[in-house]
Amino acid sequence: MLHRAFDRFYEDLIKNACVEEFLKGVDLVRLKQSQLSSFLEADYDDDEAFFARFKQLGLFHFKMGLPYVEYRGAFDRLYAFLIDELEEVNDITGLPDAIELYIRRAINASAAGYLEPNLDNDQKTLERQNYTPSGALRQEGGAIAGGSFF
Ligand code: HEM
């Protein structure tokens with residue numbers, strides 16, 4: 001069932017014209033294997049390792065220049081294929097929920113990977129600006145000086 005879902009995921013990926021440029025010169029057989037084995041291995045990860053794995057994967061695809069909307073869309077389709085292929089399974093008790101949770105956690109951690117370089121850039125901007133407080137925040141006894149932002 002998992003193999004069929006991944007076959008469909010892969011077929012869908014290679015016929016998506018929006019991502020064609022990112023697959024040029026890539027060993028597609030190896031890619032398909034990496035995707036499936038990473039997906040399977042992640043099932044044995046504890047929370048921390050799972051988060052780290054998909055954060056790293058998000059960062060990897062970000063560095064490749066793949067737009068987040070495509071990466072996220074691929075996850076959504078993978079989810080749909082996995083749920084669809086469940087029809088082949090006799091006892092699916094708990095599986096749809098488990099699959100949904102897995103995909104949501106993977107998307108969440110991947111987003112952290114996509115976000116991190118941007119936050120690093122923000123940090124550099126703030127450092128460049130020398131953290132000069134501006135406007136209301138500078139006032140003595142203002143929200144920040146008072147200790148709590150809220
Ligand atoms: C439109 C979406 C995507 C595109 C175009 C894409 C493309 C690629 C490319 C070009 C590579 C590098 C292959 C190589 O040089 O050997 C790669 C690696 C990989 N992708 Fe994606 N990918 C997409 C979404 C996903 C998603 C949703 C997953 C997770 C299920 C995933 C899992 C992986 C894995 C595990 C690797 C191997 C990373 C490594 O070697 O460290 N990809 N992908």
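## Basis

Numbering starts from 1 in each chain and follows the sequence as written. The model is predicted, so local features need pLDDT of at least 70 and side-chain atom pairs pLDDT 80 or more, while totals for chains, interfaces and linings use all residues.

## Overall fold

The chain has six helices and zero strands. Helices are DSSP runs of H or I with at least four residues, strands are E runs of at least two, and both are numbered from the N terminus. In sequence order the pattern reads α-α-α-α-α-α.

The chain has 150 residues, and 11% of them count as buried. Buried means 20 or more other C-beta atoms within 10 Å of the residue's own; exposed means 12 or fewer; partly exposed lies in between; C-beta atoms are placed from the backbone. Among contacts with a separation of 6 or more, 73% join residues 24 or more positions apart. A contact needs C-beta atoms, placed from the backbone, within 7 Å.

## Helix H1

H1 covers residues 2-14. Its 13 residues should span 18 Å at 1.5 Å a residue, and its end C-alpha atoms are 18 Å apart, which agrees. The expected span is 1.5 Å times one less than the number of residues.

Ala5, Phe6, Phe9 and Leu13 are buried in H1. Viewed down the axis, the buried residues fall within an arc of 95 degrees, so they line one face of the helix. That arc is taken from the directions from the helix axis to the C-beta atoms. H3 and H5 are among the elements covering these residues. His3 and Glu11, on the other side of H1, are exposed.

## Helix H6

H6 runs over residues 95-128. Its 34 residues reach 50 Å from first C-alpha to last, close to the 50 Å expected. A kink of about 35 degrees lies at Leu115, shortly before Pro117. The bend is the angle between axes fitted to the seven residues ending at a residue and the seven starting there.

Ala106, Ala109, Ser110 and Gly113 are the buried residues of H6. They pack against H4 and H5. After H6 comes Asn130, with a positive phi near 60 degrees.

## Around the ligand

The ligand is surrounded by 21 residues; Val19, Ser34, Ser38, Glu70 and Ala74 are the closest. H2 (20-23), H3 (28-42), H4 (47-63) and H5 (68-85) each supply at least two residues of this shell. H3 gives the largest share, six residues.

By class, the shell has 14 nonpolar, four polar and three charged residues. Ala, Val, Leu, Ile, Met, Phe, Trp, Tyr, Cys and Pro count as nonpolar, Asp, Glu, Lys and Arg as charged, and the others, Gly among them, as polar.

Key: A residue is near a molecule or strand if its C-beta atom, placed from the backbone, lies within 6 Å of it. Two residues are in contact if their C-beta atoms, placed from the backbone, lie within 7 Å.
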